[in-house]
Amino acid sequence: MNKKIIISEERMKILLERLCLLFMERHERPEEVAVIALQPRGLPFGKAWIHVLSKFCHNLLPDFGYLDITFHRDDYRKREELTTPSDTHIPFLVENRPILLLDDVLYTGRTVRAGLDAILSYGRPASVELMVLVERRFSRELPIEANYVGERVDALSSQKVRVLWEPHPRVILFNQNET
Amino acid sequence: MALSVNHLIGILPLSEHDIRKILDTARQFREVLQRPIKKVPSLRDVTVANLFFENSTRTRISFELAEKRLSADVINFSGSGSSLAKGETMLDTVNNILAMKVDIIVVRHPHVGAASFLASRLSRYPLSVHAKVINAGDGTHEHPTQALLDAYSLEEKFGTLKDLKVAIVGDILHSRVALSNIFLLTKMGAHVLVCGPPSLIPRGIEQLQVSVSHNLLETLEWCDAANILRIQLERQGAGYFPSLREYARYFGVNKKILDKLSKPIIIMHPGPINRGVEITTDCADSHHSIILDQVLNGVAVRMAVLYLIAGKSEKISE
């Protein structure tokens with residue numbers, strides 16, 4: 001099977017705008033929320049989402065940071081290869097703040113679990129919500145669900161769902177051995 | 001992605017890619033050390049034994065802290081007060097510790113090659129085939145984690161090691177820090193100059209792609225950073241130089257000589273410092289000095305080494 005586009009550039013625009021509106025519907029004061037994108041793939045999604053949000057919120061944007069969860073993964077010493085850690089940048093206090101975690105794809109839920117663990121190293125947030133661009137249905141290995149979902153997709157476990165931002169945004173589906 | 005070696009015996013067996021990997025991973029651990037909770041769960045199921053057959057303050061505390069920040073279980077062993085005094089060999093001591101299911105051995109030993117010897121022997125014993133060895137200094141041979149933290153500190157200050165001019169000043173002959181630094185810096189494209197009295201510079205050291213000088217002022221004028229080594233006081237009686245006073249006069253770094261230079265340079269020291277001998281207080285505590293940054297970076301670098309060595313998929317070495 002070849003790579004198949006499951007979300008086009010036009011549809012991505014709609015999804016991003018809808019995610020902004022859903023977020024604003026729940027948060028009257030978006031500037032009080034701190035947004036943390038999970039590295040590495042949550043970061044381009046986070047940047048794109050904040051960019052769209054700035055059209056709605058003007059100068060009252062949430063704080064934005066990104067978090068690497070490599071050292072909190074549950075598969076260290078269990079995989080053949082080590083994951084390369086990415087940068088972390090959280091230029092605000094997490095203590096007692098409502099946090100919005102962002103990632104591009106919600107699959108097994110293990111990355112989000114590690115993210116929740118990692119955030120606690122920075123303090124005790126008032127609350128944590130999760131936003132994902134794509135949710136893969138029926139594939140969770142942990143009891144974790146997102147509060148905001150762009151699009152729900154069905155894919156086989158042998159398939160990969162990848163969000164691409166360059167040269168233009170789109171989501172593709174392909175077989176794992178076709179990377 | 002993983003390191004090309006199973007054990008960290010020295011800098012010499014590491015590739016440029018390995019060094020890059022360790023320094024990049026250390027940068028992420030440096031961030032972890034800034035968090036309110038400076039601990040990650042990576043090494044939860046790993047037990048590390050710190051075997052120090054030779055005295056140490058900084059390296060032992062730094063390794064222990066790195067292990068604890070990674071959530072490893074830690075046991076400490078020092079040569080004095082142990083069964084070594086009853087005649088047990090080092091290999092028997094280590095095998096007994098490994099029989100209690102220890103995963104990583106951090107070893108410091110006064111003899112050259114101790115870490116390498118352990119690594120080569122461990123694989124012969126069924127209980128210890130998966131144990132990894134990290135060298136925390138073996139005699140006058142290598143001290144790889146010190147060189148890595150020196151490189152990390154230099155990179156933090158200058159952005160890159162490529163074409164950086166680094167001087168190593170002092171007792172090069174007996175220094176494992178000097179040798180590991182020379183291996184690392186030349187592998188990463190830096191220029192190294194060693195400076196000291198002729199009796200403390202090993203013959204043929206030019207073969208390691210380093211320059212030699214016996215003039216401190218010229219050396220400091222040439223370099224971007226100077227790593228000042230400790231004069232090992234126990235060497236003083238061996239006749240390598242007439243007196244500490246004379247050494248301090250010709251090779252001691254002080255504020256006066258730094259003020260003479262045409263540009264500011266960075267001063268490093270692996271510790272422990274003999275104030276007034278190789279470096280004066282006004283210089284060690286000045287804004288030129290990054291000695292205490294080196295100490296903090298040491299924890300991050302050792303976390304990176306432990307993380308990468310422990311995370312290497314289980315393969316029997318040799």
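How many bridges join β2(A) to β4(A)? There are 4, and the two strands run parallel. The views below come from a predicted model.

**View 1. The open sheet of chain A.** Five-strand order is the theme here. The 5 strands follow the order β3-β2-β4-β5-β6 (chain A), with parallel pairing. β3 and β6 (148–153) of chain A are the edge strands; each has a single partner, so one side of each lacks a neighbour in the sheet. From one strand to the next, the twist averages 25 degrees. Helix α1(A) packs on this sheet and touches β5 and β6 of chain A. The direction of α1(A) makes about 140 degrees with that of β6(A).

**View 2. Strand β2(A) between its two partners.** β2(A) pairs with β3(A) in the parallel sense over 5 bridges. Because 5 of the 5 residues are buried, β2(A) is largely enclosed by the rest of the structure.

View 3. Gly42(A), Leu43(A), Phe45(A), Gly46(A), Trp49(A) and Leu53(A) are buried. They cover an arc of only 145 degrees around the axis, so they sit on the same side of α2(A). His51(A) and Lys55(A), on the other side, are exposed. The packing partners of the buried residues include α1 (9–26), β2 (34–38) and β3 (63–67) of chain A. β4 (98–106), β5 (127–136) and β7 (159–164) of chain A are also among them. Just after the helix, His58(A) takes a positive phi of about 55 degrees.

**View 4. The open sheet of chain B.** Here 4 strands are arranged in the order β2-β1-β3-β4 (chain B), with parallel pairing. The edges are β2 (73–78) and β4 (132–138) of chain B, each pairing on one side only. Neighbouring strands are turned by 15 degrees against each other on average, direction ignored. Inside the sheet, β1 (residues 47–52) and β3 (residues 104–109) of chain B pair in the parallel sense over 5 bridges. Asn50(B) stands opposite Val106(B) in β3(B).

View 5. Helix α1 (residues 16–32) of chain B has 17 residues. From first C-alpha to last it reaches 25 Å, close to the 24 Å expected at 1.5 Å a residue. Its buried residues include Ile19(B), Ile22(B), Leu23(B), Phe29(B) and Val32(B). Lys21(B) and Gln28(B) are also among the buried residues. The buried residues pack against α5 (144–158), α6 and α11 (291–310) of chain B. Lys187(B) belongs to α6 (residues 176–187) of chain B. Leaving aside neighbours within four places in sequence, Lys187(B) is in contact with Glu16(B) and Ile19(B). Lys187(B) has 18 other C-beta atoms within 10 Å, so it is partly exposed. Its C-alpha atom is separated by 17 Å from that of His141(B), 46 residues apart along the chain.

**View 6. Backbone exceptions.** Most residues other than glycine have a negative phi, and most peptide bonds are trans. The bond from Glu166(A) to Pro167(A) is cis, with omega near -5 degrees. Pro167(A) lies in the loop between β7 and β8 (170–175) of chain A. Another cis bond joins Gly271(B) and Pro272(B), with omega about -10 degrees. Pro272(B) is in the loop between β9 (266–268) and α10 (281–284) of chain B. Lys101(B) is not a glycine, yet has a positive phi of about 65 degrees. Lys101(B) sits in the loop between α3 (90–99) and β3 of chain B. With 10 other C-beta atoms within 10 Å, Lys101(B) is exposed. Asp163(B), not a glycine either, has a positive phi of about 65 degrees. Its loop runs between α5 and β5 (165–169) of chain B.

**View 7. Where chain A meets chain B.** The contact takes 14 residues from chain A and 16 residues from chain B. The chain A side has 5 nonpolar, 5 polar and 4 charged residues.

Note on methods:
Residues numbered from 1 in each chain as written. Chains lettered and ligands numbered in written order. Predicted model: local features only at pLDDT ≥ 70, side-chain atom pairs only at ≥ 80, totals over all residues. Buried ≥ 20, exposed ≤ 12 C-beta atoms within 10 Å, placed from the backbone. Arc of directions from axis to C-beta. Contact = placed C-beta atoms within 7 Å. Nonpolar A, V, L, I, M, F, W, Y, C, P; charged D, E, K, R; others polar. Pairing = 2+ DSSP bridges. Axes fitted to C-alpha atoms, helices over the stretch in contact; angles between N-to-C directions. Expected span 1.5 Å × (residues − 1).
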